[in-house]
Amino acid sequence: MNIFNLKLKEFIFILIISIPIGSFLYFINYNKINYEVQFRGGYAVANNFCDNISFQKNNLANDSDISLITKKYQSKGMPINISVNNENIYSVKTKGNLDQLNEMSFNSKEILTDIMRAEMLNYSNFYESIKLHCKSGAFTLYKLVPLDENTYRTFESNRYTKFHLYTLLLLPLIFFYLLLITFKYIKKIGFKK
Amino acid sequence: MRNRQTIFLGLVFSLASINFIYCVYFYVQNKYLPEPFFFDKSDTFMDFYNSLYWSVNEGAYTVWKSVYPPLNFLFLQIYQALCIEDVDHAKNGLDIRALSGYSIIPLLVLFIISIWASIRISYKSLLDIKVECIFFLLILMSPTFLYAVDRGNLIVFVIPILSVYVASRDNIYKALSFAVMVNIKPYLAIFYIFEILNFKLDKDTKDFLILAPLFTLIVFLGAGIIVNQEFYFLPFNLLGFGLNGGLFNPREILGFSSTITSFGYLKSVITTFWIPHGFEYLFKLLVYFYIVKILIFIYKYPIRFDDLVIFSIIFITNYSTSTGGYGLLYYIPAIGPLLKQKNYILIGIIIVSFYIGIWDLIPLYKYNASDMNIYLSGEVVKVGSYISFGSIIRPIANFIVLVLFSNNLKKRYFHEYI
């Protein structure tokens with residue numbers, strides 16, 4: 001007996017079980033997307049004072065602000081990740097289904113506004129009143145260059161490749177085939193007592 | 001005989017206790033764990049937390065290039081759902097550990113249960129319950145187990161399953177336990193490869209050889225479907241892992257190793273004296289010589305299942321540094337079959353000595369001390385780590401096990417076939 005052979009009715013049986021499962025796996029995954037927005041954050045700057053010295057303070061929204069904003073949107077059920085790199089570029093990553101695209105886009109713009117507010121608040125609390133004195137007695141103040149909305153870019157990508165989706169579609173068939181031939185083989189040899 | 005056994009076990013237990021008490025004392029005094037614990041004291045439990053992070057985030061096989069089969073991630077997803085509240089906003093494994101440090105406790109309890117289950121399965125008919133308890137405590141205090149705990153490595157879950165594999169006389173249970181083992185640590189497929197190499201034309205072996213890959217695939221695909229990651233990239237990742245020799249830090253390998261091939265890394269860390277060129281190949285050649293010798297024997301003559309299992313474990317722990325020092329835990333189920341055979345008593349004694357950490361108290365080569373952030377105590381401390389006597393004697397002892405096994409195998413089967 002070749003253990004890998006199946007009778008026609010056995011094949012139809014596993015086909016009937018695996019098609020709905022495979023289709024389910026395919027359809028719950030095919031429209032999943034990753035959505036990312038990037039924008040340049042605001043900064044506080046003091047230019048050309050005391051013989052051309054310049055100071056620039058990036059990342060005006062600090063870690064606790066980012067954490068608070070993240071929690072605000074996570075409590076709405078939105079899986080987000082906000083990060084900022086050394087070049088002051090914010091990245092907001094989220095994921096969802098294709099039909100949630102508008103919601104994701106709307107929330108991402110809201111996040112931009114929240115970050116902008118946090119930056120302005122931190123600027124007025126921590127930088128606006130700082131005087132940078134020179135030896136001569138002259139001084140300068142930090143100016144705010146606000147978050148630039150024109151740098152706002154969006155990126156969308158499918159979360160899964162077609163190969164992965166077709167694999168998900170086919171896997172239940174392979175899985176049940178293996179299960180069936182194993183079951184038949186165990187039935188043939190039996191358990192040792 | 002029984003009296004000798006008791007004295008031996010009592011001696012080993014006393015030595016293990018002294019080492020354990022010393023480790024606790026050292027930690028209280030210095031705020032970090034001594035040798036042979038992982039050299040990076042800020043990385044405690046990170047084998048577990050890194051895997052946990054990737055179990056709930058996409059890219060485990062494409063970005064992280066994981067070599068863990070999906071069953072590991074399935075377990076971690078269940079663990080996360082039951083024991084850790086919210087990991088969505090964690091950016092990496094370190095974040096999860098920082099946010100929910102106590103979430104490791106159920107895992108540690110499961111580790112302890114696994115060791116107890118393994119001992120019960122392997123020694124129920126060989127030792128009485130008191131001796132089993134002493135052996136259990138000995139393993140819990142051993143540097144091998146504590147090192148696995150320090151890393152949070154899921155290898156500990158393999159031990160009771162390996163016990164089932166060794167103890168089982170039914171091919172279905174044997175194949176099923178093999179499938180689960182390989183779906184936790186893929187390199188354990190070596191048990192199957194040696195079975196093929198030693199192919200006997202009896203029905204029992206044939207049944208196992210058919211069922212084992214079927215069960216393995218079923219578990220692999222079933223877990224893969226549920227985990228919903230690109231698990232089919234696992235073979236490529238394993239290949240990349242195997243080919244990438246420079247993946248581990250030499251200090252990490254030398255800190256706690258089971259094979260003399262790790263001595264090749266001495267060249268990279270020792271700067272105070274000269275080590276000749278080709279030193280690293282010498283140890284590899286020695287190990288490969290004995291392994292090939294046994295493999296030829298196994299190919300030529302059918303040997304018993306117990307011997308094949310013991311050799312597989314000896315092979316895994318001697319062949320490569322990639323298995324990690326905690327691979328010595330695989331010997332726990334093997335000591336049972338060894339105790340049954342008089343020829344292997346010496347090997348059994350040497351293996352039990354692996355679980356004594358007293359050798360690690362003796363420093364052989366000290367590294368420069370450096371400031372380190374210690375996770376367990378939460379303090380920044382100057383850590384003065386060293387290559388211990390244990391790091392040298394343990395691999396040598398394991399190599400001696402390989403040599404003794406090779407000689408005994410020839411003696412035992414020589415009269416049967418020649």
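View 1. Among contacts (heavy atoms within 4.5 Å) in chain A between residues at least 6 apart in sequence, 75% join residues at least 24 apart. This is a predicted model, in which local features need pLDDT of at least 70, side-chain atom pairs count only at pLDDT 80 or more, and totals for chains, interfaces and linings use all residues. Residues are numbered from 1 along each chain as its sequence is written, chains are lettered from A and ligands numbered from 1 in the order in which they are written, and side-chain values use heavy atoms, leaving out hydrogens and water.

**View 2. Elements and overall form of chain A.** Here you can follow four helices and nine strands (DSSP runs of H or I, at least four residues, and of E, at least two, numbered from the N terminus). Their order from the N terminus is α-β-β-β-α-β-β-α-β-β-β-β-α. Chain A is more spread out than a compact globule, because its radius of gyration is 29 Å, well over the 16 Å that the globule rule gives for 193 residues (taken over C-alpha atoms; the rule is 2.2 Å times the number of residues to the power 0.38). Along the principal axes, its C-alpha atoms fill a box of roughly 100 × 40 × 30 Å.

**View 3. Where chain B meets chain A.** The contact takes 30 residues from chain A and 27 residues from chain B. Together the two chains bury about 2,600 Å², with 66% of it on carbon and sulfur atoms (accessible area, 1.4 Å probe, lost on being put together, summed over both). On the chain B side, look for Glu58(B), Ile225(B) and Asn228(B), which lose the most area to chain A, together 23% of what that side buries.
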